[in-house]
Structures are given as C-alpha cells and as structure tokens.
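Please keep the sequence and the structure in view while I speak.

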Amino acid sequence: MTGRVQSVCKAMDLLACLAQAKGPLSLGELSARTGIPKTTVHGLLSSMRASAVVEQSEADGRYRLGVRLFEYGCAVSRGWNVLEAAAEPLRHAAEETGETVSLASLDRGEVLVLDCADARSGLRVVSEKGARLPVHCTSLGKLLLAYLPSAQQKSVLRACDFAAYTPHGHTSAASLETELKEIRRQGYALENGEYRIGLRSVSAPVFDVDGKVPYAVGVVGMFRRIQSPEMEKSVKLILEAAARISYGIGYRGAYGKELGYAAN
C-alpha cells in the first residue's frame, strides 16, 4: 500500500503477536505466527530490544513486550481528557434531541455534573456545570450506581436518605437495587418524573480504558412519556454519545461496536 513503510508494518505485526500471546515467544514462533522470515524478525527484534520496546530472556532467549510500552501507554492515557472527548458528542446529542445533555460522575454519594450542553432552542430544565443531583431519583445517578462494584454500591445506598422529591421516586434501597440490576441488563437508565414532575431522562455509561464506568451521559427534558418516539430517539442518541466518549478516553471493548465506536 502506498505510503506504508514495510519494516514498520512488520514491527507492528510482531508487537501485536507478542501482545496476543499468553507468554514469551521464541524467534521461530514469532516467525511462524507472523509469516515474517526469521532473519527479518531477528533484525526487527534487535532494534526494538535496544529501545526496551521488547525484552529477551537471558534464560531461554524468548521475547516479550518491554517496559517502554507500559511507559508509552501511561503517556497516552494521560492525554485522554474526558471533557475534551465529551464536548462534541454532548453538543450533537443536545442539538438532535432539542434537550439538555449532561456528563456526570459520582462524588461523595451525589451526582456531580461535569459539563452540559443545551440545544439553541431548548430550555435548561435541571442543572448546570458544577450542580449536584441526588443518586436515587435521577437517571444519571441510577446509571452510575448500577455500574459500581457491589461493595461500593451498597455503601452508597446505606448512606442515601431516599428523599422523596416526587411521589414516583424510590423510597428504599431494596426497590432501587431491583432497578439497578435491570439497568445493567439493558445498558441504560430511565427516570420518569422521579426528581421533577414532568421531566424524564435517559442516561448511558461511559467506560474508561480499564472497562470501568466513572462517568455517565444523560439527556433530560419534558418528554411526553417514557414510551414515545422522541424518547426512543433520545435513548439511541445518548447511547451513541456515550460510546463516542468512551472511545475518546481509550475504551476499546465491545460496548458501542454496533455503533462503529469500538476498535476495528
């Protein structure tokens, strides 16, 4: 292919082979698995070994990935900024839904809004950047709770006061825990007038490079009802936005694959 340096491509193939292997590989094994001649493999490995990109065992001569790649990976992860990654997906979702779209995280048992976007014709209906929201009656809060490790989730639920903002919200940990399981199953959270009468919302998980969910993205507005075409559209758009943000901060898992935002 025009513009490709064959030696670099072969070096990348060797690194990919080592990354996929369950243990160190010999020169012959690397040659057999990649189809690259042994002499070429040896030359490339020698060059990469000098830069600590690969390491060779003194005991048996086998090769494995080097510590320099770990350093490079840390440098890459430091460059992933969730606010930068979220800016365009938030804006797009807000324009398409005509409603407020927010990015949030959990902080001391509350939802902390990190950023938000409003459609030009829309009305800010709930929150703004820096606002704090309850976890038990907002789709953002329920989503973030649903993806917490079990022990951490139970700790947050024990500290929750389950204040009744409307007649429709959860009043106990037991009822909320049942919904949290459903949220994990379906991959998004809904809120139906639990925090403010007349407001409904949907939120989706934002995965990080380790597959954890430190953030959620959600849209909230005066949707007529949960079962409506505009809400169905919002679910699709917020899942797309979450997948885009996840990819932007380094997640390469299966989430969002059908939307085209997982690694090829």
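Predicted model: local features only at pLDDT ≥ 70, side-chain atom pairs only at ≥ 80, totals over all residues.

Residues are numbered from 1 along each chain as its sequence is written, and side-chain values use heavy atoms, with hydrogens and water left out.

Let me begin with the surface. Val5, Val8 and Met12 make a nonpolar patch of about 270 Å². Patches consist of residues with over 30% relative accessible area and no salt bridge, where like charges are joined within 9 Å and nonpolar side chains (Val, Leu, Ile, Met, Phe, Trp, Tyr) within 5 Å. A salt bridge here is a side-chain nitrogen of Lys or Arg within 4 Å of a carboxyl oxygen of Asp or Glu. Accessible areas come from the Shrake-Rupley method with a 1.4 Å probe, and for residues only the protein chains shown count as cover.

Met12 belongs to helix 1, residues 6-20. Helices (H or I, at least four residues) and strands (E, at least two) are DSSP runs, numbered from the N terminus. Met12 has a relative accessible area of 48% and is therefore partly exposed; the term lies between buried, under 20%, and exposed, over 50%.

I turn now to the strands. Strand 3 (residues 100-107) pairs with strand 4 (residues 110-117) in the antiparallel sense over 7 bridges; pairing requires that DSSP find at least two bridges between two strands. Ser102 has Cys116 in strand 4 as its bridge partner. The hairpin of strand 3 and strand 4 has 2 residues between the strands, and Arg108 there takes a positive phi near 50 degrees. Strand 4 also pairs with strand 5 (residues 132-133), in the antiparallel sense over 2 bridges, and Val111 stands opposite Leu133 in strand 5.

What lines the second largest cavity? The lining is formed by Pro89, His92, Ala93, Leu237, Glu240, Ala241 and Arg244. A cavity is a set of points, on a 1 Å grid over the protein atoms alone, where a 1.4 Å probe fits but cannot get out; lining residues have an atom within 4 Å of a point. Helix 9 gives the largest share of this lining, 4 residues.

Finally, Arg252 is found in the segment after helix 9. The C-alpha atoms of Arg252 and Asp210 are separated by 9.1 Å, although the two residues are 42 residues apart along the chain.

Terms used: Buried < 20%, exposed > 50% of the residue type's maximum accessible area, 1.4 Å probe, protein only. 1 Å grid on protein atoms, 1.4 Å probe; cavity = no way out; pocket = protein on both sides within 12 Å on 5 of 7 lines; lining within 4 Å.
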